[in-house]
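Please examine the sequence and the model shown below.

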Amino acid sequence: MKTFKHLLLLFLSIGLFTACSDDDDPVAVNEEEVITTMTLSLQAVGGGAPIIFQSRDADGDGPNAPVVTVSGPLAANTTYGGEIEFLNELESPAEDITEEVLEEDDEHQVFYSFTGGSGTSFNYNDSDGNGNPIGVSITLASGAAAVGNTLTVVLKHEPTKPNDGTAAGGGGETDIEATFTFDVN
Amino acid sequence: MKYYSLIVLFSFCSFSIAQKCDAVFLGELKDFHDNTPLNGATIFIRSLNKYTSSDINGKFKIENLCNGELTLVITHLACETKTVTYNITGDMFQSIALEHHIEALNEVSVKAVVDKKETKTAQETIIKSGTLRRYSNLSIGDALKEVPGVSSINTGNTIVKPIINGLYGSRLLILNNNVRLQDQEWGVEHAPNIDINSANRISVIKGSGALAYGGDAVGGVIVINPARTILKDSLFGKTIVSGQTNSRGLSVSTILNKSFSSGWFANIQGSLKRNGDFEAPDYMLTNTGLRSNGITLQGGKKTFESGFEVFYSYLFNEIGILRSSHIGNISDLVNAINSQKPQVIDDFGYDINAPKQEVTHHLFKATYYKRFKNFGKINLQYDYQNNQRFEFDIRVGDDRDKPALDLNLQTHTLLADVQLDADLNRKTNFGLMGRYQDNFANPDTGIRRLIPDYDKYDFGAYLTSEWILNETFTLDAGLRYDFNRIDSKKFYRTSRWEERGYDNDFQDIIIASVYGTDIVYGVIDPDASDYLTNPVFNFHNFSASAGVRYNLNENSYLLGNYSLSSRPPNVSELFSDGLHHSAARIELGDLRLDQEISNRIALSYKLEQSNFDLLIEGYYNRISDFIYLRPTGVEQTIRGAFPVWEFQQTQAELFGIDVASNLNFNDNFTWRNKSSYIKGNDLSLGIDLIDMPAFNTINTLSYRNEKWNNFSANLTSEWVFEQKDFPDFNFEAFVPTTNETVLVDISTPPPAYHLLHFYSDVSFNISAKTNMNISLNINNVFNINYRAYLNRLRYFADDLGRNITLQLQINY
């Protein structure tokens with residue numbers, strides 16, 4: 001049967017054209033947008049070594065939990081100037097995402113919330129073009145001496161602005177959510 | 001019925017010789033299929049204006065012929081009329097084959113053959129063009145719900161993925177003009193890339209009975225066909241224009257068909273759709289618009305003995321996804337669930353912003369067939385598909401306009417199919433399939449690949465047969481073997497590699513260690529950020545089916561069918577590895593997954609009477625190693641905590657019953673009902689299966705009066721019950737911003753709902769060849785608020801409110 005011979009040929013030819021497929025290895029993705037590291041530096045107004053609150057997640061969405069560190073206790077009844085920095089350390093050198101946040105400040109806001117006996121509070125030091133807070137720069141009042149207080153920092157993309165000052169009320173999409181436990185001495 | 005088939009043999013003899021009118025032509029007429037001689041055929045000799053006829057041996061003789069052209073027109077009872085031309089240069093003998101089995105000729109028939117099904121004993125339902133027309137401004141997934149037991153899993157209301165008897169995605173095969181659709185169907189948010197306006201007829205086959213199409217149809221097969229070619233000289237067309245109030249949408253579709261009695265034909269079809277933001281009863285569904293363009297071109301030549309066809313279709317869809325469904329973590333999901341309405345509600349607009357999808361699908365096919373005497377038909381087909389999928393997320397800075405997902409899937413398929421129909425009571429069909437597929441995930445997105453680069457090779461061989469034993473019994477059976485090979489290159493985070501335990505089982509497939517974007521081959525370094533791996537999978541799949549049709553009497557029959565199917569894990573099930581934003585969960589595939597095997601038993605009863613029709617379809621589907629996503633734990637990231645869902649295998653069963661009935665009270669009033677019930681169980685864990693459609697019943701009362709320009713008015717009640725059988729995958733999450741632990745209720749299905757729809761149309765003739773149909777459709781007449789269990793955006797917003805559609809169709 002000649003027809004079957006032709007069929008057979010046809011199927012041999014599929015092997016040929018699949019053999020020609022390119023076998024290039026893929027390139028690694030340059031992960032541009034990931035925030036791996038958030039660092040809040042608190043500098044007492046009277047001077048001294050800054051207190052560092054840091055959450056660092058070297059594998060991004062990977063299985064390893066972020067490493068959350070607080071470098072030391074805050075001094076009671078002290079005013080601190082706070083600056084926050086967001087880094088993508090998957091890129092080399094690390095990319096400073098804070099710049100992008102500030103460039104699009106009307107679409108971002110950092111929310112801070114506290115629990116515990118210290119009564120720690122904060123004020124926004126910066127504002128976007130519409131006069132709404134951003135939260136990259138803050139002033140923090142440490143409050144009374146107490147242990148086991150918490151600070152939760154949330155970076156939101158496209159929250160409702162202005163809002164009621166809470167992360168839940170702001171809506172939008174959460175890019176960072178980190179909780180620190182700290183003492184006030 | 002009349003058949004016209006014309007075969008013209010061109011004569012290249014251009015010089016003339018002196019007239020000598022003493023040539024003799026001897027002819028022998030035989031049946032095309034079995035070579036039996038045909039006696040009593042009438043032969044009209046055109047040049048002599050004379051008639052003769054064939055004798056008992058099928059032979060005839062024409063004497064005293066002049067040299068030159070001889071044209072014979074041969075007619076025989078129950079045969080197609082055949083015209084043949086010969087160039088006489090002396091005495092001549094010719095054997096001429098006539099097609100005797102006209103009932104087998106449906107491919108070239110002038111009149112449509114009613115309900116020509118793809119299968120003999122499977123549970124198959126056909127949706128005809130008259131019904132499809134009503135969905136011109138919607139999607140193929142909406143139209144498929146005409147079939148009892150077919151529902152859909154939606155992302156909003158423009159991404160509609162069909163579900164057959166509880167199964168969807170890779171468990172369904174979709175064929176567009178005999179080409180198996182390859183369009184990243186593994187994704188729940190990926191709707192089939194088919195322009196509903198290019199479809200003229202859809203067959204829905206429940207289960208895997210149609211083995212010629214594939215062996216992995218655990219759920220079913222959807223066969224979509226364009227308009228059939230009519231073998232006569234004609235030019236006709238159809239234009240449909242629809243406007244709808246909800247989303248202020250407009251849809252236009254046109255098709256033009258040209259055909260010749262010689263068998264040549266050409267069709268062109270195009271459609272355009274624009275929708276703005278859709279509306280729930282109480283608010284705008286911001287960023288839910290749709291832009292869609294499609295073109296289909298088809299041409300070729302078809303005769304009874306041979307033919308070819310070239311087909312090309314293009315479809316582009318840009319689909320907005322509800323703005324408020326884009327969330328960052330569990331706290332956002334809790335906010336969304338607690339909030340009664342979406343968090344972003346803007347004024348109406350046609351703009352489509354991120355999050356959105358842009359999908360382009362090209363399909364090219366070339367096919368050739370030839371019939372051989374006393375044998376059957378051979379069909380060869382090559383097809384090529386190119387699927388380009390972009391998904392845009394809400395991003396910042398320079399990446400704002402960059403897609404977050406950029407996948408290109410190219411597929412080449414060769415198909416050879418042989419149908420042996422010399423004995424029409426015992427047909428056999430066998431074939432071979434070879435396929436090569438190349439997936440490319442563009443790294444320029446700046447986001448880790450959701451699906452890796454891979455090459456996939458498929459080879460299939462099948463044999464199916466049907467026997468018409470007698471008036472009451474028809475049997476069919478089939479066997480199929482498929483080989484699949486996936487050869488991929490995937491990056492794994494070293495931390496994920498170890499967490500999955502792959503360092504114990506798969507260390508040998510690591511080909512490089514990755515530091516940032518630097519790849520060092522031949523090194524396995526646990527301190528590297530990633531490994532580049534080369535997973536290769538080979539799957540051997542066997543599938544089979546057997547069925548019987550038993551005619552109880554002239555107007556009722558029973559179908560029984562058993563099918564075995566085997567589906568290898570898809571690339572998503574193997575390779576998923578990361579955060580699924582809109583679901584706020586981490587989804588993980590598993591390299592260790594194996595095929596799932598389905599054993600399905602189906603039984604149907606069909607009764608057709610002049611005033612009452614009834615179809616009852618029952619099934620039991622037992623699936624070993626059923627693959628599905630299930631929550632298994634929680635992982636912490638810098639965005640907060642996320643539940644982890646893993647693809648796991650389990651023993652599962654699905655069973656249910658679908659009923660359709662039709663009662664004509666008189667010539668004008670008809671009542672129709674469609675109901676379906678399904679139950680799915682995870683037998684290993686003793687829990688319900690997730691995402692099973694709830695019991696639903698649809699009743700339509702219709703009035704029709706042919707005297708009033710075919711006026712019809714239909715009132716439809718759609719009643720969807722609350723799904724009480726669901727697995728409890730709720731979890732407790734600590735929301736640090738409010739300092740509370742909350743129960744995240746992602747499992748409880750929404751309450752039952754009942755909607756009323758109204759449809760009315762009239763048809764009339766404008767001229768002898770032009771007729772017009774005008775229809776009015778009101779969906780959700782009372783603007784009821786509801787949420788559907790199988791809409792993935794049900795956490796974020798209500799479903800659609802009232803929609804009034806006015807449609808105009810002109811046939812010319």
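In chain B, 56 residues of domain 2 are in contact with 100 residues of domain 3, where two residues are in contact if their C-beta atoms, placed from the backbone, lie within 7 Å. Four elements of chain B give two or more residues to the domain 2 side of this boundary: β10 (150–155), β11 (159–164), β15 (201–206) and β16 (220–225). The largest share, five residues, comes from β10(B). By class, the domain 2 side that touches domain 3 of chain B divides into 17 nonpolar, 29 polar and ten charged residues. In this classification Ala, Val, Leu, Ile, Met, Phe, Trp, Tyr, Cys and Pro count as nonpolar, Asp, Glu, Lys and Arg as charged, and the others, Gly among them, as polar.

The model is a predicted one, in which local features need pLDDT of at least 70 and side-chain atom pairs count only at pLDDT 80 or more, whereas totals for chains, interfaces and linings use all residues. Residues are numbered from 1 along each chain as its sequence is written, while chains are lettered from A and ligands numbered from 1 in the order in which they are written.

Chain B is divided into domain 1 (4–104), domain 2 (107–224) and domain 3 (225–346 + 353–811), with bounds that come from an automatic or database domain assignment. The centres of domain 2 and domain 3 of chain B, taken over C-alpha atoms, are separated by 8 Å.

An unreviewed UniProt entry lists "domain: TonB-dependent receptor plug" for residues 118–221 of chain B. UniProt positions are given in the numbering used here, feature names are shortened, and annotations may be inferred rather than shown by experiment. Over residues 118–221 of chain B, the chain is 9% helix and 33% strand, with the end C-alpha atoms 10 Å apart. Helices (H or I, at least four residues) and strands (E, at least two) are DSSP runs, numbered from the N terminus. The UniProt annotation "domain: TonB-dependent receptor-like beta-barrel", also from an unreviewed entry, covers residues 341–781 of chain B. That span of chain B is 3% helix and 65% strand, and its end C-alpha atoms lie 22 Å apart.

Chain B also holds an open sheet of five strands with mixed pairing, in the order β9-β15-β16-β13-β14; two strands pair if DSSP finds at least two bridges between them. Strands β9 (123–127) and β14 (179–180) of chain B each have a single partner strand, so one side of each is left without a neighbour in the sheet. Strand β13 (residues 172–176) of chain B runs antiparallel to β14(B), and two bridges join them. Within β14(B), B:R180 stands opposite B:L175.

Chain A comprises three helices and ten strands. Of the 185 residues in chain A, 36% are buried, that is, 20 or more other C-beta atoms lie within 10 Å of their own, with C-beta atoms placed from the backbone. An open sheet of three strands in chain A has the order β6-β9-β10 and antiparallel pairing. Its edge strands, β6 (108–115) and β10 (173–184) of chain A, each pair on one side only. Strand β9 (residues 146–157) of chain A pairs with β6(A) over eight bridges, and A:V153 in β9(A) is the bridge partner of A:Y112.

Between the chains, 53 residues of chain B are in contact with 51 residues of chain A. Strand β27 (residues 426–441) of chain B provides the largest share of the chain B side, four residues.

Definitions and conventions. Buried ≥ 20, exposed ≤ 12 C-beta atoms within 10 Å, placed from the backbone.
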